[in-house]
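Please find below a colleague's note on the structure.

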Amino acid sequence: MGGNASSILKKIDQSGGSTDKEIDKLFDKLDKDRSGSLDGKEYQAFFDDATKYMLADLKKSGHDYDEPTISGWLKQWLDPNGDGKVTRAELKANLKAVLDAGE
C-alpha cells in the first residue's frame, strides 16, 4: 500500500466530516485490477498496512495489542461477510468507524 495510502488512512482517521472522497481515493489506489473489490494480493496488502496503521495509532493511545489481534479485528469489521474481498461499499460503510475506534 505504501506511504500514499497510509497518508490517506490518516486523513480519513482525522476527518471530522464526510470521508467518502478520501475512501474513494484509497479504494481506487488499492483496486489495481479495477475488479470493484479488493481481493487476493490487494486484500492482503490492504490488511497488512491497515493493521500496521492501527497498531501505531493504538500505541499512541497507550494500548498494547498484537498484530494478529488487530488484523483479525479489522477483517471482522471490514470484511463482515468473510468472503475474502472488500468492496467499495464495505469500505465506505465501516472504515471511518474502525479508525475512530483506535482513538
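The points below concern a helix pair, one of its members, and a loop residue.

1. The model under discussion is predicted. Its helix H3 (residues 40-60) packs with helix H5 (residues 88-101), the two axes being 11 Å apart and meeting at an angle of about 25°. Since angles under 35 degrees count as roughly parallel, H3 and H5 are therefore described as roughly parallel to each other.

2. The residues that form this contact can be named on both sides. H3 contributes Phe46, Tyr53, Met54 and Asp57, while H5 contributes Leu91, Leu95, Val98 and Leu99. Sorted by class, the contact of H3 with H5 comprises seven nonpolar residues, one charged residue and no polar ones.

3. Helix H5 deserves a separate description. With 14 residues, H5 reaches 20 Å from its first C-alpha to its last, which is close to the 20 Å expected at 1.5 Å a residue. Where does H5 bend? The bend is at Asn94 and amounts to about 40°.

4. Asn94 is also one of the buried residues of H5.

5. Ser18 lies in the loop between helix H1 (2-14) and helix H2 (20-30). Is Ser18 buried or exposed? Its relative accessibility is 65%, so Ser18 counts as exposed, the cut-off being over 50%.

6. Ser18 and Lys96 are separated by 78 residues in sequence, yet their C-alpha atoms are 9.4 Å apart in space.

How values were computed:
Residues are numbered from 1 along each chain as its sequence is written. This is a predicted model: local features need pLDDT of at least 70, side-chain atom pairs count only at pLDDT 80 or more; totals for chains, interfaces and linings use all residues. Side-chain values use heavy atoms; hydrogens and water are left out. Axes are lines fitted to C-alpha atoms, for helices over the stretch in contact, and angles run from 0 to 180 degrees between N-to-C directions. Helices (H or I, at least four residues) and strands (E, at least two) are DSSP runs, numbered from the N terminus. Angles under 35 degrees count as roughly parallel, over 145 as roughly antiparallel, 65 to 115 as roughly perpendicular and the rest as oblique. Contact means heavy atoms within 4.5 Å. Ala, Val, Leu, Ile, Met, Phe, Trp, Tyr, Cys and Pro count as nonpolar, Asp, Glu, Lys and Arg as charged, and the others, Gly among them, as polar. The expected span of a helix is 1.5 Å times one less than its number of residues. The bend at a residue is the angle between axes fitted to the seven residues ending there and the seven starting there. Buried means under 20% relative accessible area, exposed over 50%, partly exposed in between (1.4 Å probe, protein chains only).
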